[in-house]
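User: I'd like to learn how to read a few features of a protein model. Could you walk me through them?

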Amino acid sequence: MGSLFRSEEMALCQLFLQSEAAYACVSELGELGLVQFRDLNPDVNAFQRKFVNEVRRCDEMERKLRYLEKEIKKDGIPMLDTGESPEAPQPREMIDLEATFEKLENELREVNQNAEALKRNFLELTELKHILRKTQVFFDEQEGGLNHTTESMTRALITDEVRTAGASMGPVQLGFVAGVILREKLPAFERMLWRACRGNVFLRQAMIESPLEDPTNGDQVYKSVFIIFFQGDQLKTRVKKICEGFRATLYPCPEAPADRREMAMGVMTRIEDLNTVLGQTQDHRHRVLVAAAKNLKNWFVKVRKIKAIYHTLNLFNLDVTQKCLIAECWVPLLDIETIQLALRRGTERSGSSVPPILNRMQTFENPPTYNRTNKFTKAFQALIDAYGVASYREMNPAPYTIITFPFLFAVMFGDLGHGAIMALFGLWMIRKEKGLAAQKTDNEIWNIFFAGRYIIFLMGAFSMYTGLIYNDIFSKSLNIFGSHWHLSYNKSTVWNNNFLQLSPATSDYEGTPYPFGLDPIWQVATSNKIVFQNAYKMKISIIFGVLHMIFGVIMSWHNHTYFRNRLSLIYEFIPQLVFLLVLFFYMVLLMFIKWNRYGATNTFPMTEACAPSILITFIDMVLFKTSKPPGKNCEVYMFWGQPFFQTVFVLIALACIPVMLLGKPIKIMQARKLANVQPITGGSSDAEVGGMSNGGGGGHHDEEEMSEIFIHQGIHTIEYVLGSVSHTASYLRLWALSLAHAQLAEVLWTMVLSLGLNKEGWLGGIFLTVVFAFWAVLTVGILVLMEGLSAFLHTLRLHWVEFQSKFYMGQGYAFAPFSFESIIENGSAVAGETE
């Protein structure tokens with residue numbers, strides 16, 4: 001069977017490369033992405049390997065590139081991304097790359113340091129300008145204001161002791177300091193001055209209206225200018241200490257107005273010069289970053305490829321001559337020729353005359369699981385791998401999930417309108433996938449939606465189909481083919497009775513089935529609409545569930561035959577399938593027999609009123625009893641010989657249980673006795689007992705004791721028998737979620753949108769627009785997103801538990817090839833770190 005249905009056949013190979021050709025050959029294999037290397041030096045420390053210095057050099061180059069990227073993003077410069085992946089540079093090109101990155105980093109750091117120094121100087125001059133401007137108010141001479149202010153300040157600052165000592169003392173000269181402080185620190189600063197100086201200072205402050213740029217981090221901060229008057233050197237020292245503690249910046253401020261004006265003119269001149277120099281510095285920095293932005297993506301790719309190659313070479317072994325590198329790797333069997341061609345290309349590029357050698361090895365190890373995928377099947381394979389990676393060469397459920405997953409989702413989500421919204425969203429992502437993929441956003445939710453775009457589209461398309469089957473579009477019906485029911489009542493009777501029912505036994509019903517889906521008249525059936533749809537959806541849920549489980553059991557047959565596991569085929573598959581068929585598939589057949597035999601127009605006792613209940617019939621069948629349907633002269637059974645067949649079916653099902661429970665362990669025990677092998681030290685596997693080889697998906701019982709084998713088989717038998725009942729009931733979620741979805745849609749229509757449709761006039765149009773917007777938001781948010789997520793999770797559970805448990809082990813490990821594409825896509829420069 002092809003690789004679509006099973007994982008690829010893998011081979012363990014030994015690779016011999018000449019030292020001078022190893023780099024180029026590994027580079028070609030990285031571009032190919034089909035080889036998974038094994039670590040042949042597991043006990044060697046990472047810092048003691050041969051190419052550790054080259055890996056460190058790559059780390060240093062990555063650090064410099066990240067610094068450049070940070071600066072480019074800080075300036076908002078777009079980085080050129082052509083989407084192309086340059087080839088891995090040759091080892092000799094590393095020196096040129098290192099020199100280029102070193103030059104760019106040093107130049108950028110020097111420019112940043114100069115710019116920071118200039119900005120700090122500019123900030124100081126700007127603050128000094130504001131101090132000179134604001135303090136001019138404090139020192140302005142108007143009508144002797146300076147002397148009067150000085151004398152009043154002096155009187156305010158002279159203590160009571162000085163005032164008592166002598167009133168004949170003349171004016172006292174006050175000192176002052178001026179500076180700038182953060183605005184949020186000003187209240188605490190003022191309180192500290194008052195308490196520390198005991199009220200013997202005079203503080204004036206004024207806000208700087210425009211924010212100032214902090215040269216350290218570029219933040220915009222708001223500051224205030226302050227001036228403090230005091231008397232004496234002791235207070236001066238104390239005031240300066242407080243300013244230092246609050247990180248206030250003090251500036252010299254002359255007392256004379258002429259000196260202040262002269263200083264202000266000098267400050268303005270220096271600010272203009274600094275603006276010019278800052279502009280030139282920023283232009284130079286911008287030019288450097290723009291030039292680097294054109295090549296940054298390619299530089300990142302080159303460095304990560306170099307680092308990945310050297311990291312992979314560290315997994316190799318050196319032979320005794322130190323001239324040959326030896327590697328072991330897993331490769332797909334079908335791609336060995338392609339890999340050999342890539343190795344030859346690498347040898348030619350390096351100029352080596354010794355060809356590489358790729359030998360296939362014999363091994364008893366379990367190979368990795370490799371399922372080839374494309375952009376369509378990748379998302380479905382991810383759903384399967386999320387449960388567990390398939391065992392080697394085990395049947396892959398992904399191809400069947402492509403159909404069954406969106407179909408079972410649609411059974412729960414069946415609505416033509418909601419399905420159309422989902423399908424259009426998925427189709428939009430598919431049509432725009434190249435542009436959307438190139439954006440490479442970090443939004444995790446969006447990445448999940450985009451990765452599942454084909455799943456979303458198929459779920460929407462299948463939901464549109466089931467919506468047509470249910471004849472449900474936003475809780476309303478489409479009247480495409482008219483109705484096969486006709487009213488036999490007069491108009492007054494219909495208007496005056498809310499619970500009239502149409503009888504299929506009369507001329508109300510044409511007697512022919514509706515061409516496609518449900519008859520639209522059921523939309524107006526208020527009393528029995530839910531009853532009818534419940535019976536309909538409940539039965540199809542059981543039918544789909546039983547068929548799905550039978551298909552899962554048939555998949556186990558493919559596994560047993562491929563791995564030649566005859567014991568599992570005879571003592572597991574056959575009784576499991578028979579158990580499922582004679583009980584649950586028989587129940588499905590009873591549904592079709594009941595639909596076919598019983599109807600409103602049939603002759604008594606084959607009318608609907610006398611139809612036996614399928615559930616009661618199934619329970620009576622298992623309990624070997626008979627329950628008569630309600631009604632006189634009603635038949636208990638639907639066809640001749642039904643009690644005999646039911647008894648035989650139950651007996652066959654009961655007989656299957658001990659076969660599943662004891663058949664396989666007894667055969668293994670007999671084989672061990674014949675081989676005279678102790679169970680603890682080893683023995684024949686169950687596949688070998690059947691005369692066939694054991695495989696990756698077969699049973700491994702060589703090292704197991706017989707007691708463990710009996711216990712495991714008992715657990716599996718109980719799980720299957722009880723699970724058949726619980727799994728069948730679990731498929732009723734198809735009916736439950738479908739009913740919930742339809743009822744929520746009807747509630748939104750009745751409680752929201754119908755309110756706007758009942759209004760008339762131009763006010764009604766405005767009101768309808770508002771109501772429709774509200775209804776649309778609720779429809780998309782609740783019914784499409786939330787209900788869609790709920791149905792998605794329930795569908796996932798049906799596949800993981802009810803379907804895959806019949807045949808899927810999921811105990812393998814994924815094939816993780818050395819691939820430049822996956823390394824760069826996941827942002828990792830080291831092979832093996834892509835997960």
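Predicted model: local features only at pLDDT ≥ 70, side-chain atom pairs only at ≥ 80, totals over all residues.

User: How many salt bridges does a search of the whole structure find?

Analyst: The search finds 28 salt bridges. Let's take a few of them in turn. One joins Glu328 to Arg38, with the closest N and O atoms 3.2 Å apart. Glu328 belongs to strand S10, while Arg38 sits in the loop between strand S2 and helix H2, so this pair links distant parts of the chain, 290 residues apart.

User: Which residue forms a salt bridge with Lys307?

Analyst: That is Glu62, with the closest N and O atoms 3.4 Å apart. Lys307 is in helix H8 and Glu62 in helix H2, 245 residues apart. Lys307 is buried at 10% relative accessibility, and Glu62 is buried at 6%. Both also take part in a network of salt bridges with Asp59 and Arg304.

User: What do the side chains of Lys223 and Glu127 do?

Analyst: They meet in a salt bridge, 2.7 Å from N to O. Because Lys223 lies in strand S7 and Glu127 in helix H3, the pair ties together parts that are 96 residues apart in sequence. Lys223 and Glu127 are both buried.

User: Now for the strand residue. Where is Ala327, and what is it in contact with beyond its neighbours within four places in sequence?

Analyst: Ala327 is in strand S10, which covers residues 324-332. With those neighbours left aside, Ala327 contacts Cys13, Gln14, Leu15, Phe37, Leu40 and Phe316. Its relative accessible area is 1%, so Ala327 is buried.

User: And the helices: at what angle do H11 and H15 pack?

Analyst: Helix H11 (residues 398-413) and helix H15 (residues 453-470) pack at about 50°, and their axes are 8 Å apart. That angle makes H11 oblique to H15. Their crossing is right-handed.

User: Which residues meet there?

Analyst: From H11 they include Ile402, Phe405 and Phe409, and from H15 they include Leu458, Met459 and Phe462. By class, this contact has 14 nonpolar, 2 polar and no charged residues.

Notes:
Residues numbered from 1 in each chain as written. Heavy atoms only, no water. Axes fitted to C-alpha atoms, helices over the stretch in contact; angles between N-to-C directions. Helix = DSSP H or I, 4+ residues; strand = E, 2+ residues; numbered from the N terminus. Parallel < 35°, antiparallel > 145°, perpendicular 65-115°, else oblique. Left-handed = near helix turned anticlockwise from the far one by under 90°. Contact = heavy atoms within 4.5 Å. Nonpolar A, V, L, I, M, F, W, Y, C, P; charged D, E, K, R; others polar. Buried < 20%, exposed > 50% of the residue type's maximum accessible area, 1.4 Å probe, protein only. Salt bridge = Lys/Arg side-chain N within 4 Å of Asp/Glu carboxyl O.
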